[in-house]
Amino acid sequence: MLARISDKWTLLVVRVLGQGPCRFNALRREVGEISQKVLASTLRELEENGFVSRTVTPVNPPQVEYALTELGREFLMPVQALAEWVVANSTRMDAARSAYQQRRAAT
């Protein structure tokens, strides 16, 4: 279960959808450097696990919109907390990474 919710793309997609429903291409632009195939796969998994709903509007061409379900909105809370923690501690992690590289270079 943890693998289903903790990968990079799942967290980013949930974070973007936390801002409101989104169509596929808009979602892809907001998420960043994600391929169409990976985004489609991530959305399918999120829908399968109950985090995302997919709504098709029958126009020509059909429009598909993705939104967080109640479960997805509940999941958004820890995702946002994790993102805030990363921002707050990024300098500490950078310092640790730099110190590690210096130790490795010295050996």
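Predicted model: local features only at pLDDT ≥ 70, side-chain atom pairs only at ≥ 80, totals over all residues.

Author: Two strands pair if DSSP finds at least two bridges between them.

Reader: Which residue of strand 3 is the bridge partner of T55?

Author: The partner of T55 in strand 3 is E65, and S53 stands opposite A67 of strand 3. Strand 2 and strand 3 also form a hairpin, with five residues between them.

Reader: What makes strand 1 and strand 2 edge strands?

Author: The open sheet has three strands in the order 1-3-2, with antiparallel pairing. Strand 1 (22–23) and strand 2 (52–57) each pair on one side only, and they are the edge strands.

Reader: Why are helix 2 and helix 5 called roughly perpendicular to each other?

Author: The axes of helix 2 (residues 8–17) and helix 5 (residues 70–106) cross at roughly 110°. Angles of 65 to 115 degrees count as roughly perpendicular, and therefore helix 2 and helix 5 are given that description.

Reader: How do you know that helix 2 and helix 5 meet, and which residues do so?

Author: Contact means heavy atoms within 4.5 Å. By that criterion, T10, L11, V14 and R15 in helix 2 meet G72, F75, L76, V79 and L82 in helix 5. Sorted by class, this contact of helix 2 with helix 5 has six nonpolar, two polar and one charged residues.

Notes
Residues numbered from 1 in each chain as written. Heavy atoms only, no water. Axes fitted to C-alpha atoms, helices over the stretch in contact; angles between N-to-C directions. Helix = DSSP H or I, 4+ residues; strand = E, 2+ residues; numbered from the N terminus. Parallel < 35°, antiparallel > 145°, perpendicular 65-115°, else oblique. Nonpolar A, V, L, I, M, F, W, Y, C, P; charged D, E, K, R; others polar.
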